[in-house]
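Please examine the structure shown below, and then follow the account of some of its parts.

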Amino acid sequence: MATAHGGTLVQRHRGAAATAAASHSADHDPEPAEDETYDDKEAKLTLLEEILLLGLKDQEGYTSFWNDCISSGLRGCIMVELSLRKRVELEQTGQRRKSVLNRKVNCKNSSPVGDSLMDEALKHLKETQPTDTVGNWIELFCGETWNPYNLRYQLHNVRERLAKNLVEKGVLTTSKQNFWLFDMTTHPLVDQTIKQRVVKKVQDSLLSRWQNDPHRMDRRQLALIFLAHASDVLENAFAPLSDEDYEVATRRVRELLDRDPEVEALKANAHGMTWAVAAAFSK
């Protein structure tokens, strides 16, 4: 599942072996406080849209051709986003605790989210029995399968569909760019404020608002860090930082990546889906 990257920061890490069982554990994930609702006038973005913005070249309007991780990273975003919106959850572990990588994904609420991409994924998750693990769902949504029957699960044109959502929200625009033998539709950035807000959210969560305990962090911000790393776009958020802040931020990212998802997923107030996705990308 993991893909090798160049550079130190974007390497996938396995957590160190747990030295003790978690003192506070739960057989299943606690309920999020509430469904995701937005009541102010600012454009609100999904995790998928935030990851796309972090990876997007502002003027050119497309992601790097050399980034072969953002595709699977966006599928991981879908799993976390649906969980945060109370549509899916990890199966309960019971008395015999399963590895977070082996816990199946159950559909909890099949009502549409209102986003065509996530609703398509939710439909697959609802209708497929027996269900599957987080890692396998990410691969199926990417079309990574040797079974032609499973190609029906592949989510097509994900980046283009996300870009169109951002065009509708006034964040991007639509343009054409010539690449020698063909023209490509691009989506340059028009609202720099929105992207800067995403960048600042990542920076603040690792600097001014850093929590030594990840379970005290905002669930969406914690997921954004893991998913930005998995999508190989985290460095883009660090580009404006001073050398000192960059060193601090990268060290704290490594601290998060070095945690064992198997242990963290069992702790009180843990969002199991985030740790399951983190485990799937680190295996």
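Glu 264 is in contact, meaning heavy atoms within 4.5 Å, with Pro 214, His 215, Arg 259, Ala 270 and Trp 275, leaving aside neighbours within four places in sequence. This residue belongs to helix α10 (residues 261–264), where a helix is a DSSP run of H or I with at least four residues, a strand is a run of E with at least two, and both are numbered from the N terminus. Glu 264 counts as buried because its relative accessibility is 4%, the cut-off for buried being under 20% relative accessible area with a 1.4 Å probe and protein chains only.

The model is predicted, so local features need pLDDT of at least 70 and side-chain atom pairs count only at pLDDT 80 or more, while totals for chains, interfaces and linings use all residues. Residues are numbered from 1 along each chain as its sequence is written, and side-chain values use heavy atoms, with hydrogens and water left out.

Consider next a pair of helices. The axes of helix α3 (residues 116–127) and helix α5 (residues 158–168), which are lines fitted to C-alpha atoms over the stretch in contact, with angles from 0 to 180 degrees between N-to-C directions, come within 10 Å and cross at roughly 135°. That angle makes α3 oblique to α5, since angles under 35 degrees count as roughly parallel, over 145 as roughly antiparallel, 65 to 115 as roughly perpendicular and the rest as oblique. Ser 116, Leu 117 and Glu 120 of α3 meet Val 158, Arg 161 and Leu 162 of α5 in this contact.

Notes: Buried means under 20% relative accessible area, exposed over 50%, partly exposed in between (1.4 Å probe, protein chains only).
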